[in-house]
Amino acid sequence: MDLDAVRTFVAVADAGQFQEAASALAITQQAVSKRIAALEKDLEVRLFARTARGARLTIDGQAFLPHARELLRVERRADASVRPGRRALRVDVHSRRTAPSVALQDFYRAHPGVDLDVVTLLDADVDAATEAVAAGTIDATFHAVTHRLPDGVVAARVIDERHQLLVGPRHPLAAAGSVTPAGLAGHPIWMPGMAAGTEWSDYYDQLAAAFGLTIDRVGPVFGPEALLAEIADSADLATLVGERSRYLWPDSYDLRRIPVRDPAPVYPMSLIRREANPHPTLAQLTDYLMARRGSPGSPVWLPDWA
């Protein structure tokens, strides 16, 4: 589809007259008429009814207008996505349910004028995400940093995420106001699909070893909705979720989010970026997150690489 013709269609729809649209686009009225005729031929419908007062959208024109506006918006975004100095800051949050996504949304609310492109490299561990940063595919990513980063790539620890135990109404700990890590020994914690060798796998290995926990990774991953349904229906299954993670479930599930304390396990996440990245919003984001991180408080438990 000819985007110049689409742009001309939107201009006529907004102006209500071919001549005014021509002036706005800095082309002749004849050129406007040719573009509209070509677009109508391409779509096999009439988009305007010509009247003595100008041009009025037909029913088909009214139906096409919001999609035409969206096409032009996508064109502008596609151009800005790669044009130097114009594209949005591209940040990987890994999952839109977890603390990095919440923190990035808070940043946007505090700075609504910034242009962000939020992406999710769902299968990427810290090494794969760091490679994407080094290659310039993304500007930054949130991950736990367990080892030395490549030259030119730096990290700032910006999130200390505490845990909550998620259980159903029949679980023995369902009525607890809080639980201790040691108190979870003997209660299976179900975290299916956690890939071995990742930074989160290493974190939970250390957590389990420190407090004698049983973390079950068996089973295929059918998504968070299926996980929540299984926990709601179980009298013994539980899982661990981040304090700021976002999960929704039907009221009938009656799930409970119970803080884990004394000590509170903390999952430390860093914002990883190229040291030489000049994007102004990246420095603004780093400063914002560092100012909000504060102290994890005490007592806390951290993995040995934190």
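Student: How many cavities of 30 Å³ or more does a search of the whole structure find?

Tutor: This is a predicted model, in which local features need pLDDT of at least 70 and side-chain atom pairs count only at pLDDT 80 or more, while totals for chains, interfaces and linings use all residues. Residues are numbered from 1 along each chain as its sequence is written, and side-chain values use heavy atoms, without hydrogens and water. A cavity is a set of points, on a 1 Å grid over the protein atoms alone, where a 1.4 Å probe fits but cannot get out. For cavities of 30 Å³ or more, the search returns one.

Student: What is the volume of the largest cavity, and which residues line it?

Tutor: Volume here is the space filled by probe spheres set on the grid points, which are joined across faces, edges and corners, and for the largest cavity it is about 40 Å³. Lining residues have an atom within 4 Å of a point; here they are His 163, Pro 181, Leu 184, Leu 207, Leu 213, Leu 240, Val 260 and Pro 265.

Student: Which residues have the most contacts inside the largest nonpolar core?

Tutor: Such a core is a set of buried Ala, Val, Leu, Ile, Met, Phe, Trp, Tyr and Cys residues joined through side-chain atoms within 4.5 Å, where buried means under 20% relative accessible area (1.4 Å probe, protein chains only). The largest core has 44 residues, and those with the most contacts inside it are Leu 165 and Leu 240.

Student: Leaving aside neighbours within four places in sequence, what is Leu 240 in contact with?

Tutor: Contact means heavy atoms within 4.5 Å. With those neighbours left aside, the partners of Leu 240 are His 163, Gln 164, Leu 165, Leu 184, Ile 189, Met 191, Tyr 204, Leu 207 and Val 260.

Definitions and conventions. Buried < 20%, exposed > 50% of the residue type's maximum accessible area, 1.4 Å probe, protein only. 1 Å grid on protein atoms, 1.4 Å probe; cavity = no way out; pocket = protein on both sides within 12 Å on 5 of 7 lines; lining within 4 Å.
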